[in-house]
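Here are a few notes to read alongside the model. Have a look at it first, then go through the points below.

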Amino acid sequence: MKKMIAMILALVMVLSLVACGSKPTDDKNETKDYASMSLEELKAELKTVTEGKLTMSTNATFPPYEMLADDGSLEGIDVEVAGAIAAKLGLELQIDDMGFDAALLAVQGDSPKADIVMAGVTVNKDRQLVMNFSDSYATGIQVVIVKEGSDIKSIDDMDGKLIGTQKGTTGYIYCSDTPENGGYGEENVIAYDSGVTAVQALMNGQVDCVVIDNEPAKAYVAANAGLTILDTEFANEDYAIGMNKANTCLLAAVNAAMAELKSDGTFQAIVDKYITAK
């Protein structure tokens with residue numbers, strides 16, 4: 001009996017030691033308050049997909065935010081803002097151009113392929129479930145492009161019409177939703193790989209209108225005679241930078257860098273370069 005009691009006591013002591021040993025002995029495992037850190041402190045903690053680089057996924061068919069220059073290089077508001085953020089973080093900017101859906105997916109999951117996604121990305125509840133978003137840096141307005149002389153004079157006239165959008169965009173999400181939720185139903189919406197192909201489809205008579213963001217819409221209308229934009233706004237949104245949910249240090253660092261760029265006038269200078277006041 002004494003041996004049995006001794007064995008039980010010994011087992012209790014072992015379990016006690018194991019339990020004590022499982023607790024963290026310092027604060028390394030505690031969640032850090034990155035939002036309270038300075039930019040220099042964040043830079044020391046920051047980890048990216050590729051060491052020394054800030055990898056940005058984008059879809060370069062969204063002027064003036066990202067587009068191809070005449071020499072084949074990438075240019076636009078997002079491109080230059082990302083470059084300025086990278087410089088603030090002491091990193092080299094690397095841009096990977098891909099489809100819009102792929103650009104969003106690139107920052108998600110356990111093995112992200114990119115650190116940030118910038119492609120005129122609108123913040124919505126579904127996207128917030130799978131990625132973090134920086135503070136908003138621009139306001140996006142969804143508009144409707146039609147052919148001149150179209151019988152679509154307002155949003156109310158879009159019922160029963162065939163609508164073109166770009167895949168994965170909020171324009172597609174809004175339009176393809178059910179009529180009960182303010183949409184027009186999936187059967188009335190065709191999603192294209194890019195805004196360019198959606199506008200080409202409108203020119204060719206394959207769709208009756210295109211729902212897309214205002215700034216690229218203005219560029220597409222200027223480049224294609226016979227198109228016009230309805231006066232009524234379809235939707236009003238916030239653009240932000242998407243990041244992996246796990247990299248909260250990067251979120252704080254990007255917000256801190258963006259705040260400095262806004263404060264010193266760099267951000268506005270970039271915007272003014274591509275969007276002139278009229």
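1. Start with Glu 215, which counts as buried at 19% relative accessibility (buried is under 20% relative accessible area, exposed over 50%, partly exposed in between, with a 1.4 Å probe and protein chains only). Its partner in a salt bridge is Lys 218, at 3.1 Å from N to O; a salt bridge here is a side-chain nitrogen of Lys or Arg within 4 Å of a carboxyl oxygen of Asp or Glu. Lys 218 is partly exposed, at 35%. Helices (H or I, at least four residues) and strands (E, at least two) are DSSP runs, numbered from the N terminus.

2. A word on the source: this is a predicted model, where local features need pLDDT of at least 70 and side-chain atom pairs count only at pLDDT 80 or more, while totals for chains, interfaces and linings use all residues. Residues are numbered from 1 along each chain as its sequence is written, and side-chain values use heavy atoms, with hydrogens and water left out.

3. The structure has 8 salt bridges. One of them pairs Asp 264 with Lys 88, with closest N and O atoms 3.7 Å apart. Asp 264 is in the loop between α9 and α10 and Lys 88 is in helix α3, so this pair ties together parts 176 residues apart in sequence.

4. What about helix α10 (residues 266-274)? Phe 267, Ile 270, Val 271 and Tyr 274 are buried there. They cover an arc of only 95° around the axis, which puts them on the same side of α10 (the arc is that of the directions from the helix axis to the C-beta atoms).
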